[in-house]
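Hi there,

Here is the structure I promised to pass on. Have a look at it first, then read my notes below.

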Amino acid sequence: MTDPTTSSTDTAPPTRKGSAITLTGVTKAYGEDRVVDGVHLDIRPGEFCSLLGPSGSGKTTTLMMIAGFAQIDAGRIELDGKDIAGTPPNKRGFGLVFQNYAIFPHLNVFENVAFPLRARGWPKTDIADRVARALRLVRLERFATSFSRQLSGGQQQRVAIARAIVFEPSVVLMDEPLGALDKNLRYEMQTEIKEIQKQLGMTVVYVTHDQEEAMNLSDRIAIMNAGRIVQAGSPRDVYEKPADRFIGRFLGEANLIPGTVAMASDPHQGVLKLADGQMLHAASLEPLRAGVAATLFIRPERIELAAAESAADPDVNQLSGRVETLSFLGNTLRYMVRSAGGLPVMIECPNNGRDPIFAAGTAVTMRWRVAQSLLLMR
Amino acid sequence: MRPGPPRLLTAYVGTMSVLLLLPIVIVVILAFSGQSYLKFPPDSLSLRWFIAFFRDEQWRQSLYLSIAIATIASALSTLFGFLAAYAFVRSTFRGKAVLLSLLLMPMIVPTVITSIALYFFSTRFDLIGNIVWIGCCHAVIALPVVVLILLSTLQGIDHSFERAALSLGASRLRVFTHVVVPLAAPGLVSATLFAFLVSFDELLIAMFLTNVRDQTLAVRIWNSLHLEVEPTIAAVSAFLIAVTGLFLLADWLIRRRLRAAPWR
Amino acid sequence: MNRLRHDPTAIFLLPALLMLAVAFLIPLAGFFVQVLLVEQAPGTLLPAIHQVVASKATLTAVVTTNWIATLVTLFVLLAGYPIAYYLTQANSISASLVIFSIVVPYFTSIIVRTYSWMVLLGRTGIINTVLQALGLTDAPLPLLYNKTAVVIGMAYVLLPYMILTLYAAMKAIDMTYVRAARGLGAGGFYTFRRVYFPMSLPGVLSGSLIVFILATGFFITPALMGGPSDVLIAMLIERAVEINVDWSGAAILSLLLLCVTLLLYALYFRVIDVRRLVGAGR
């Protein structure tokens with residue numbers, strides 16, 4: 001298991017406003033079925049951490065355990081070092097945003113946002129003040145007297161966010177909050193959420209199955225599969241250095257070329273021999289041994305297409321092939337190329353209007369820097 | 001445009017609908033009759049039997065007694081039934097089907113058996129004529145209706161509202177009073193009204209558990225029917241029909257108003 | 001304790017269960033136990049049961065009850081089936097009117113409903129008055145205080161139950177099957193007999209069961225509208241208490257009626273599914 005806590009390209013500056021959340025060996029089982037299986041995660045104060053994974057990976061259950069709505073069967077969850085397993089959900093002081101907003105239909109926007117403050121017994125003037133500020137933050141000041149039925153999906157979600165942050169929690173938990181919105185609205189809301197988090201500095205734990213969203217928003221992504229965290233790191237780290245094939249495929253398009261390790265010059269550098277005998281150089285994060293099966297991982301946008309081969313270069317891999325299909329995707333061009341050895345390779349090039357375009361059937365050479373690829377053992 | 005039902009069927013259903021309402025309509029018309037004997041159609045119309053009903057000390061006492069008992073029954077069964085329905089819908093515990101069947105028992109056991117058992121029990125503990133006790137027994141009879149109505153109501157309320165309220169720091173009590181109750185309001189109104197009706201109309205338990213001096217409206221009608229079929233009974237019956245109609249109307253109106261609220 | 005801390009709502013059941021125990025379960029159980037076990041001299045219970053169950057009055061009452069309950073069920077089924085079917089086909093305005101005519105009697109007091117039929121059927125009642133006025137008969141017909149009157153009165157009370165049960169079941173029937181049959185050339189009656197009616201059978205069964213069960217326990221209507229020889233079990237029980245003060249006999253008869261009722265309900269619950277009410281699929 002990869003060490004989930006450290007990464008080399010951290011971008012989150014620690015602040016005093018957020019709290020640290022630590023999960024140690026957290027498990028939830030329904031009978032024999034382990035929905036969450038020994039999860040370890042160290043979320044730092046003020047960090048925006050996403051739990052990313054396919055449905056059924058246990059991410060929502062994990063969030064619900066942090067929130068206190070699901071019981072922990074094994075392990076510990078700590079808030080700033082204190083075990084919160086015994087604290088009921090209404091005493092944990094976390095802001096919670098659901099996918100279906102859960103805006104109280106019988107209260108108007110103002111009363112919805114004021115709800116947590118009234119529950120805490122705040123004086124009236126303070127409530128009015130704080131609610132106004134929260135509504136200003138989500139740009140809904142003019143809707144204070146409206147009811148949820150009169151609001152659009154995006155507006156309702158903003159009310160939910162305002163309500164979740166109005167009492168200045170140190171942690172906000174979000175369960176796929178943008179799942180019900182259409183694409184453009186989702187981008188808009190993502191920017192807003194990120195802005196609010198930067199301004200207020202609280203820790204955010206964000207559940208999503210959308211990898212673009214996770215990469216856009218997070219300081220750190222924890223990828224979950226079958227109840228476990230399979231890798232955690234900054235968006236850049238998990239995208240460029242996946243721990244295994246599953247993660248590589250999950251976070252965008254990937255080429256996964258199977259072969260056998262022919263030679264290992266040092267534990268982290270080696271040569272992969274393909275089925276047709278071709279040799280490719282690559283680096284690896286895990287120690288290499290000659291003779292074992294491995295997969296070469298390279299992103300489609302890191303491969304260059306050229307008409308002819310160039311001189312051999314120890315830092316560059318080359319593979320010749322023929323273009324099968326060319327798809328026009330708006331801002332990118334996607335090529336499917338069949339290598340000489342019969343392997344399908346996907347290449348993406350920016351549609352910049354300058355580079356030559358290769359029609360289907362053309363013979364091409366695929367080129368990439370060795371450092372751009374990775375050997376995956378799993 | 002879908003072809004409607006065959007004409008023969010419509011004619012039959014129309015006739016049956018009239019037949020279903022006919023007896024009730026006739027009683028109401030008879031209540032306004034001016035004669036002191038039953039004749040249909042009445043030769044003259046007057047309010048004399050209504051006046052007789054409301055002027056008669058005994059009929060009035062029966063009315064007050066029925067209202068008192070029904071109020072107690074309605075309050076107890078709605079409150080307890082609401083809590084029970086909430087437990088069924090929100091809690092996880094095994095044996096729900098068994099417990100629900102238990103709560104529905106008063107509806108299943110023939111009322112005559114329940115009433116004689118209660119009579120037997122009540123004489124031992126000197127509870128005959130005790131209004132609160134009768135209200136309690138009626139509450140038990142009304143409980144199944146209340147629970148069924150409120151189960152349906154609560155199942156329609158999304159669980160995430162309560163979770164949101166909890167996460168926002170509300171105490172469980174506050175979640176209940178400020179979120180669950182307002183959202184369950186239409187069902188609560190129906191349950192209260194129908195529980196009241198169940199108790200107001202109930203005969204057997206009231207018959208056994210009241211003493212000769214204090215009879216509920218239903219019991220007094222029953223006794224009167226055995227002695228003679230006097231027109232006052234028609235007026236009392238018309239009054240009961242009006243009460244039923246009023247309650248159905250109130251239920252429909254209040255539900256409509258709650259549903260049309262800006263937040264629904 | 002841990003369970004209660006995180007899920008205190010289970011405790012909400014207690015008030016209802018307590019009230020149920022105090023004002024229903026304990027009196028009921030206590031009644032049977034006290035009368036049949038405690039106050040009964042040892043060894044006399046079985047002979048007493050035999051005496052009551054085998055007595056002419058009881059046997060007659062059982063026969064009468066079953067006979068009337070069967071008649072009522074059949075009558076209500078035949079009368080209500082077309083109405084329920086109509087409700088699934090009619091537009092919303094017509095359907096609302098019909099439902100209104102079903103719901104208003106349904107919620108009206110049983111005594112009032114019974115009284116209204118007594119008014120209709122009595123010697124000086126409306127039907128007799130009309131018949132005599134039209135010259136169709138010289139003397140008032142004895143329409144009241146016999147089994148027919150009881151069946152009519154009970155049918156009037158129980159018709160809404162049958163219609164509403166049938167309607168709920170019929171709503172779930174997919175008309176594409178009927179249309180498919182018609183498209184294949186089947187005539188109207190044939191389609192009904194072979195396609196629609198079989199699909200409505202569960203509703204017919206559950207509706208009939210509920211009406212039959214309710215009919216066997218009836219007291220008010222047969223007591224008011226029946227003749228001296230029309231004694232149903234519920235009336236027998238009431239008489240045992242009110243007139244004879246025969247608690248032991250009343251208890252035995254009650255036990256008999258209760259067992260039959262519970263057996264029929266067990267059957268009923270197999271036909272429908274109680275679990276759906278609770279949402280016990282969580």
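Which order do the four strands of the open sheet in chain A have? The order is E2-E1-E4-E5 (chain A), with antiparallel pairing. Strands here are DSSP runs of E with at least two residues, helices are runs of H or I with at least four, and both are numbered from the N terminus; two strands pair if DSSP finds at least two bridges between them. E2 (33–43) and E5 (82–83) of chain A stand at the edges with a single partner strand each, so one side of each has no neighbour in the sheet.

Before going on: this is a predicted model, where local features need pLDDT of at least 70, side-chain atom pairs count only at pLDDT 80 or more, and totals for chains, interfaces and linings use all residues. Residues are numbered from 1 along each chain as its sequence is written, while chains are lettered from A and ligands numbered from 1 in the order in which they are written.

Back to the sheet: seven bridges join E1 (residues 21–30) of chain A to E2(A), and Leu23(A) sits opposite Leu41(A) in E2(A).

Now for chains B and C. Their contact (C-beta atoms, placed from the backbone, within 7 Å) takes 75 residues from chain B and 70 residues from chain C. On the chain B side, H1(B) gives the largest share, twelve residues. That side divides into 59 nonpolar, eleven polar and five charged residues (Ala, Val, Leu, Ile, Met, Phe, Trp, Tyr, Cys and Pro count as nonpolar, Asp, Glu, Lys and Arg as charged, and the others, Gly among them, as polar).

Cheers

Conventions. Two residues are in contact if their C-beta atoms, placed from the backbone, lie within 7 Å.
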